[in-house]
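Here are my notes on this model, point by point. Have the structure open while you read.

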Amino acid sequence: MTLIAILLPWLSFFLRGKIFTGILCLILQITILGWIPAAAWAVISLNNARADKRTDRIIKAMQKQQR
């Protein structure tokens, strides 16, 4: 998924269900200078999504442990 985020940033957003963000990223990627920021945006967004999932799992485990 990280490789897709680097090579085709817009596709990375589409595969995660963020259609509007993917369209914006595609518009940015169309320009040669915009490709690097688009790739960085996609990779950072992917890493943030993974961190959010990890945090959610930790919170659920803590809540389960308190019961």
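1. Start with F13, which sits in helix α2, residues 9-15. Keep in mind that this is a predicted model. F13 has a relative accessible area of 1%, and anything under 20% counts as buried, so F13 is buried.

2. Who packs against F13? Setting aside residues up to four places away in sequence, F13 touches K18, T21, G22, C25, W41, A42 and S45.

3. Beyond its neighbours within four places in sequence, S12 is in contact with M1, I4, A5 and A42. Note that A42 turns up in the contacts of S12 and in those of F13 as well.

4. Now look at helix α4, residues 35-66.

5. Which residues of α4 are buried? They are A38, A39, A42, S45 and L46. Their cover includes α1 (2-7), α2 and α3 (19-30).

6. Leaving out neighbours within four places in sequence, L46 is in contact with M1, T2, A5 and R16. Take R16: L46 and R16 are 30 residues apart in sequence, yet their C-alpha atoms are 8.9 Å apart in space. M1 and A5 are among the contacts of L46, and both are also in contact with S12.

7. Stepping back to the whole chain, there are 4 helices and 0 strands, running α-α-α-α from the N terminus on. The radius of gyration is 15 Å, well over the 11 Å that the globule rule gives for 67 residues, so the chain is more spread out than a compact globule. The C-alpha atoms fill a box of roughly 55 × 20 × 15 Å along the principal axes.

8. A few totals to finish. Of the 67 residues, 19% count as buried. The accessible surface is about 5100 Å², with 69% of it belonging to carbon and sulfur atoms. Among contacts with a separation of 6 or more, 45% come from residues 24 or more positions apart.

Notes. Residues numbered from 1 in each chain as written. Predicted model: local features only at pLDDT ≥ 70, side-chain atom pairs only at ≥ 80, totals over all residues. Heavy atoms only, no water. Helix = DSSP H or I, 4+ residues; strand = E, 2+ residues; numbered from the N terminus. Buried < 20%, exposed > 50% of the residue type's maximum accessible area, 1.4 Å probe, protein only. Contact = heavy atoms within 4.5 Å. Expected span 1.5 Å × (residues − 1). Rg over C-alpha atoms; globule rule 2.2 N^0.38 Å. Areas by Shrake-Rupley, 256 points an atom, 1.4 Å probe, with all protein chains shown as cover.
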